[in-house]
Amino acid sequence: MASFAQIRDRLFAHYFEGQYQEALEIIEDFEPADNSQDEDLHFWRMCLLSRLGETDQAVATFSEALDKGHW
């Protein structure tokens, strides 16, 4: 299982190449050991969904994060 740092590095490599769908898939496939990075994962998911034009899903993700007490 990849560490959070490894996932982050892979995600940003794809992001900076404009490969937003691939970056999003990395997040979707990642199963964190705990929820300590939950806020980062929600934020990255929102950003990637927005880049992909999936604004309704991005807003839903933001709402979910707020419901969990983030921000």
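In which helix does Asp38 lie?

Mentor: Happy to. Asp38 lies in helix H3, which covers residues 38-51; helices here are DSSP runs (H or I, at least four residues), numbered from the N terminus. A word on the source before we go further. This is a predicted model, in which local features need pLDDT of at least 70 and side-chain atom pairs count only at pLDDT 80 or more, while totals for chains, interfaces and linings use all residues. Residues are numbered from 1 along each chain as its sequence is written, and side-chain values use heavy atoms, leaving out hydrogens and water.

Back to Asp38. With a relative accessible area of 16%, Asp38 is buried (buried means under 20%, exposed over 50% and partly exposed in between, using a 1.4 Å probe and protein chains only). Setting aside neighbours within four places in sequence, Asp38 is in contact with Lys68 and His70, where contact means heavy atoms within 4.5 Å.

Further along helix H3 we find Met46, which is buried at 11% relative accessibility. Not counting residues up to four places away in sequence, Met46 touches Ala58, Thr61, Phe62 and Trp71. Gln57 is eleven residues from Met46 in sequence, and their C-alpha atoms are 7.8 Å apart.

The crossing of H3 and H4 is left-handed, that is, the near helix is turned anticlockwise from the far one by less than a right angle. On the H3 side, the contact is made by His42, Arg45, Met46, Leu49 and Ser50; H4 brings Thr55, Gln57, Ala58, Thr61, Phe62, Glu64 and Ala65. By class, these residues are five nonpolar, five polar and two charged (Ala, Val, Leu, Ile, Met, Phe, Trp, Tyr, Cys and Pro count as nonpolar, Asp, Glu, Lys and Arg as charged, and the others, Gly among them, as polar).

Now for the aromatic rings. A search of the whole structure finds six aromatic pairs; rings of Phe, Tyr and Trp (its six-membered ring) pair if their centres lie within 6.5 Å, with planes under 30 degrees apart counted as stacked, over 60 as edge-to-face and the rest as tilted. One of them joins Phe4 and Trp44, stacked at 5.5 Å centre to centre with 15° between the planes. Because Phe4 lies in helix H1 (residues 4-16) and Trp44 in H3, this pair ties together parts that are 40 residues apart in sequence. Both partners are buried: Phe4 at 16% relative accessibility and Trp44 at 10%. Another stacked pair is Phe12 with Phe16, 5.9 Å centre to centre and 25° between the planes. They sit four residues apart in H1, so about one helical turn separates them. Phe12 is partly exposed at 28%, whereas Phe16 is exposed at 64%. Taken together, ring pairs link Phe4, Phe12, Tyr15, Phe16, Tyr20, Phe30 and Trp44 into a cluster, so our walk along H3 ends at Trp44, tied by its ring to Phe4 of H1.

Definitions and conventions: Helices (H or I, at least four residues) and strands (E, at least two) are DSSP runs, numbered from the N terminus.
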